[in-house]
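Dear colleague,

Please find below the structure that I am passing on to you. My notes on it follow directly after.

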Amino acid sequence: MAKPKTEFLVNQTIVYPSQGVGKVVDVFKREFKGEMVYHYKIYIEVSDMTVTVPVDNAKLLGIRAIVSKAEAKKALDSISDDYEPPTSDWKLRYQQNLDLLKKGTIGDIAAIVRCLYHRSKVKELPILERKLYENAKTLLENEIAEAYGISATEVETMLHAKLEPLGLKIEKKPVYNDEDEDEDEFEEDTSTSSKDNDDDDED
């Protein structure tokens, strides 16, 4: 039986928002919930792991193609846009940004980087937020690098040039209600995977 037409092809680079930029290394069929179902096998370089995702679930997980160079430039430029300062309630802020990460558009990811960089200039981020910031920043750098056809290191320099003016603008730190405490009471619910992990239980 011939393989069905799928949105993503073998060797195509894609974005898996909760995991990173990856490459489709195979499209294969195997049993899933009692039926033979086609799956993508995706290699995520940043974490050196392979995940398998049912083809029909890819869109639900936010998996998408790399954006165009024009879209990547728009996201990069948005980093230095003016915007409302984030809430001082770190738990609410974390959840809002986590929801953006799960949506996974390049604009959403850029918004997370901008928000958390801005906040980090006011006060050091809690551990979970630092991790979320680093994940979003790496994902943004890697996707823009793919779209531009340059290295992630070059993009990091470009990104820093966009972020640094934000830091200069807020040298005088505003007064916030300090609600960045009790981090341990808030459980991290980001999607995690191990090598050869199967994301087959997604609805």
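The second largest pocket is lined by T13, V21, G22, K23, Y43, E45, V46, N142, A145 and E146. On a 1 Å grid over the protein atoms alone, a pocket is an open set of points where a 1.4 Å probe fits, with protein on both sides within 12 Å along at least five of seven lines, and a lining residue has an atom within 4 Å of a point. Strand 2 (20-32) and helix 4 are the elements that give two or more residues to this lining. Helices (H or I, at least four residues) and strands (E, at least two) are DSSP runs, numbered from the N terminus. The volume of the second largest pocket is about 220 Å³, taken as the space filled by probe spheres set on the points, which are joined across faces, edges and corners. Its lining has four nonpolar, three polar and three charged residues; here Ala, Val, Leu, Ile, Met, Phe, Trp, Tyr, Cys and Pro count as nonpolar, Asp, Glu, Lys and Arg as charged, and the others, Gly among them, as polar.

Please note that this is a predicted model, in which local features need pLDDT of at least 70 and side-chain atom pairs count only at pLDDT 80 or more, while totals for chains, interfaces and linings use all residues. Residues are numbered from 1 along each chain as its sequence is written, and side-chain values use heavy atoms, with hydrogens and water left out.

The largest nonpolar core has 33 residues, of which L140 and I144 touch the most other members. Such a core is a set of buried Ala, Val, Leu, Ile, Met, Phe, Trp, Tyr and Cys residues joined through side-chain atoms within 4.5 Å. Buried means under 20% relative accessible area, exposed over 50%, and partly exposed in between (1.4 Å probe, protein chains only). Two or more residues of this core come from each of helix 1 (69-78), helix 2 (90-103), helix 3 (106-120), helix 4 (127-148) and helix 5 (152-169). Helix 4 gives the most, with ten residues. Beyond its neighbours within four places in sequence, L140 is in contact with I79, I106, I109, A110, V113 and L159, where contact means heavy atoms within 4.5 Å. Another core, of 16 residues, lies apart from it and includes Y38, I42, A58 and I63.

By the rule of a Lys or Arg side-chain nitrogen within 4 Å of a carboxyl oxygen of Asp or Glu, the count comes to eight salt bridges. One of them pairs E129 with R93, with the closest N and O atoms 2.5 Å apart. That pair links distant parts of the chain, E129 being in helix 4 and R93 in helix 2, 36 residues apart. E129 is buried, with a relative accessible area of 0%, and R93 is buried at 1%. Another salt bridge joins D77 and K73 (2.8 Å, N to O); both lie in helix 1, four residues apart, about one turn of the helix.

Two backbone angles also deserve mention. Most residues other than glycine have a negative phi. N11, however, has a phi near 80°; N11 is found in the segment before strand 1 (13-16) and counts as exposed at 56% relative accessibility. D48 has a positive phi of about 50° and sits in the loop between strand 3 (35-44) and strand 4 (49-54).

With kind regards
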